[in-house]
Amino acid sequence: MSGIAGHGEFFQPTDLSAEDAEKATAWVKKRVDRRELDLGERMDDVREHMWQLEKEGEIIVHRVSEAHKPAMVKTLFGWDKKIPTMQLWHHKSCGQCGNIPGYPTSLLWTMNQLGMQPGRDYLDETDQTSCTAWNYHGSGIGNVESLAAVFLRNFHQAYVSGKRLGHQPGHFFPLVHCGTSFGNYKEVRKYLVENATLRERVKKILGKLGRLVDGKIVIPEEIVHYSEWVHVMRKRIASELQKIDVSHLRTTVHMACHYSKMVHEDAIYDPEVLGGNRAAVGTSMAEALGAQVIDYSTWYDCCGFGFRHIISEREFTRSFTIERKIKVAQEEAKADVMLGIDTGCVTTMDKNQWIGRAHEQQYTMPIMADIQFAALACGADPFKIVQLQWHASPCEDVVEKMGLSWGESKKKFEAYLEEVKAGKIEYLYNPELALSA
Amino acid sequence: MATYAEMQEIFEDIKKDFRYEHELNGCLNCGICTATCPSAHFYDYSPREIVQLLWTENVEQVYDAMQEKIWACAQCMTCAARCPFKNSPGGLVAIMREVAIGHGLQSAKDVLRPFGRVMLKLITTGNQLSPDMIQPDHFPDWGPNIQKVEGDLKILRRAIPMKTLQTTDTAWEVALKTSVEMYTIWEMTGVLKQLETMDENLFDVIEDFIEEKREEYEELLEEQKEAE
């Protein structure tokens with residue numbers, strides 16, 4: 001036992017009874033616990049304004065309905081957030097699909113294992129663009145208007161996507177895979193709700209694209225990140241699907257900045273996870289699977305992605321990720337694996353380890369997403385489904401520690417590639433469902 | 001070097017952005033933003049300094065910071081999450097970058113030149129990167145283990161069990177209609193104009209590409225009409 005999470009070795013448990021601990025800390029909580037504060041004047045809940053705008057006939061709110069079987073969670077300030085668990089429109093991440101394809105495949109595989117039916121309970125289709133926010137944060141090319149138009153175009157498509165399959169408007173609710181898309185969309189939604197001029201300008205564009213409903217823009221009631229779906233499904237995933245004991249594995253979690261720091265009032269905080277003091281997603285999945293979650297002093301740090309930096313100033317990206325993430329996770333936490341919940345972080349930490357040798361910084365750590373780790377623990381094939389062949393970090397080590405043979409799995413996959421060449425491809429869903437326009 | 005009047009104009013353009021009021025509410029120089037900033041570890045960059053320059057309306061030094069410093073920001077928004085005043089130094093940097101581009105600052109052109117491939121991909125396909133951009137040759141610093149199974153990229157991508165991902169030149173297959181809709185967004189929001197200011201050659205390439213895709217889409221619509 002080395003101290004209490006996040007406080008260093010000099011902190012030790014007091015061993016007070018629950019009642020005494022409550023007494024000892026009640027006055028502190030009263031003063032500083034953010035959930036106890038009257039936030040009425042400090043921060044607006046943008047969703048309340050959305051209902052008003054809908055009443056005034058300005059917008060249509062794409063609701064999380066009973067059909068989406070929502071689970072309720074609490075966010076940073078104790079506000080409620082509805083997480084739809086069914087009828088989901090997969091809004092993909094360009095970084096994941098282009099670079100870490102095992103990220104979305106593990107998610108869809110898990111949904112299938114839980115009995116979700118493609119075309120009814122989820123949809124993956126071609127009529128969507130990226131959020132374009134990676135480029136915006138990297139280059140400054142783009143603007144609020146373009147980001148808002150892209151947001152509303154994509155989410156309008158989510159709203160109407162079920163039509164070709166005989167479903168009502170709003171049947172599928174968007175599930176955003178990328179952390180930057182998630183943060184960006186929330187920011188843009190806020191601007192749209194607050195700024196009538198922006199709404200008017202964007203409405204003209206959406207009108208030209210034929211992307212209005214009854215002459216109105218469609219804004220979703222909630223913006224939901226895939227890791228939030230994983231968070232609310234974690235107990236079912238562990239109890240119904242888990243096949244491999246991972247209790248001997250030491251995991252560390254990297255929290256994505258654009259999940260918990262952009263529009264931070266909307267991130268999930270759960271008293272059952274990290275004492276409710278840090279964003280819960282990612283950690284909650286690892287804990288539900290019974291893995292050890294080891295704290296480390298740079299938990300709150302960014303990964304070093306930098307949007308522009310990972311492309312054109314990689315020395316910053318790699319220096320930061322090695323110094324502040326990989327090295328710390330290895331030396332302090334002695335972790336077997338680092339789990340991410342977002343595209344850029346997984347890419348950055350996964351790809352920028354080998355180069356450390358140039359400066360005699362030989363730190364290595366398998367890097368993957370929470371859902372890839374969960375899928376492995378639930379028996380998914382490390383190659384066909386979890387697609388770890390695209391990772392540069394030593395993921396083979398953690399696969400072996402789970403009791404799976406990397407070499408055997410690889411051989412099987414290489415044999416499967418021969419079948420692929422012959423056109424015998426295995427799909428997670430009927431491929432015809434994907435072709436939307 | 002810009003005249004004071006030009007620098008003043010640039011500063012006014014920053015202030016004109018409606019987000020400015022959201023992102024800047026005051027500053028006590030506490031420096032929490034800089035203490036928590038990843039870029040401050042490695043660059044001569046301080047989000048506190050950016051906020052102070054704007055807060056004190058230091059027009060000349062704002063202009064100076066726009067030459068290099070604003071491009072150091074990693075846009076993680078840790079500063080925004082931490083600021084007791086609810087400032088967003090990262091958000092202010094985003095506004096400053098946009099204004100730097102709008103005014104065609106040479107420093108912005110220089111910084112963004114290596115980012116051209118991403119912009120080309122994004123503007124023409126709606127995806128920001130693609131599997132064929134992430135080949136070992138392009139990233140020698142990622143090491144020899146960048147791909148754990150050897151093979152033809154097309155076959156490896158076809159072995160991904162999602163139909164939309166079986167692509168090599170886009171991250172996922174984007175419907176033609178979708179791309180054409182995106183071109184309209186770029187045009188109507190002034191993004192293509194921004195691009196023209198930054199890199200005329202890249203703009204020309206993109207404009208030709210867009211024209212071609214639009215023609216392709218028109219033909220597709222014609223074919224569909226005839227089939228009906």
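1. A word on terms before the points that follow: two residues are in contact if their C-beta atoms, placed from the backbone, lie within 7 Å. Please also keep in mind that this is a predicted model.

2. Let me start with chain A, where the domain assignment gives domain 1 (46-225) and domain 2 (244-420). The C-alpha centres of these two domains of chain A are 26 Å apart. Between them, 33 residues of domain 1 of chain A are in contact with 33 residues of domain 2 of chain A.

3. Which elements give two or more residues to the side of domain 1 of chain A that touches domain 2 of chain A? They are strand S2 (71-74), helix H3 (94-99), helix H4 (102-113), helix H5 (133-139) and helix H7 (179-194) of chain A. H4(A) supplies the largest share of that side, eight residues. By class, this side of domain 1 of chain A holds eleven nonpolar, 17 polar and five charged residues.

4. Chain B is also divided, into domain 1 (4-103) and domain 2 (114-227). Here the C-alpha centres of domain 1 of chain B and domain 2 of chain B lie 32 Å apart.

5. A helix pair in chain B deserves a look. The axes of helix H12 (residues 176-188) of chain B and helix H14 (residues 200-227) of chain B come within 10 Å and cross at roughly 130 degrees, which makes H12(B) oblique to H14(B). The crossing of H12(B) past H14(B) is left-handed.

6. If you zoom in on that pair, H12(B) brings Leu176(B), Lys177(B), Ser179(B), Val180(B) and Tyr183(B). On the H14(B) side they meet Ile210(B), Lys213(B), Arg214(B), Glu216(B), Tyr217(B) and Leu220(B). The residues of this contact comprise six nonpolar, one polar and four charged.

7. Now to the contact between the chains, which takes 68 residues from chain B and 80 residues from chain A. On the chain B side, the elements that give two or more residues are helix H4 (38-42), helix H7 (78-82), helix H8 (89-102), helix H10 (116-125), helix H11 (153-158), H12 and helix H13 (191-198) of chain B.

8. Which helix gives the most to the side of chain B that touches chain A? That is H12(B), with eight residues, the helix that also meets H14(B). Sorted by class, the side of chain B that touches chain A has 41 nonpolar, 17 polar and ten charged residues.

Conventions. Residues are numbered from 1 along each chain as its sequence is written. Chains are lettered from A and ligands numbered from 1 in the order in which they are written. This is a predicted model: local features need pLDDT of at least 70, side-chain atom pairs count only at pLDDT 80 or more; totals for chains, interfaces and linings use all residues. Domain bounds come from an automatic or database domain assignment. Helices (H or I, at least four residues) and strands (E, at least two) are DSSP runs, numbered from the N terminus. Ala, Val, Leu, Ile, Met, Phe, Trp, Tyr, Cys and Pro count as nonpolar, Asp, Glu, Lys and Arg as charged, and the others, Gly among them, as polar. Axes are lines fitted to C-alpha atoms, for helices over the stretch in contact, and angles run from 0 to 180 degrees between N-to-C directions. Angles under 35 degrees count as roughly parallel, over 145 as roughly antiparallel, 65 to 115 as roughly perpendicular and the rest as oblique. A crossing is left-handed if the near helix is turned anticlockwise from the far one by less than a right angle, and right-handed if clockwise.
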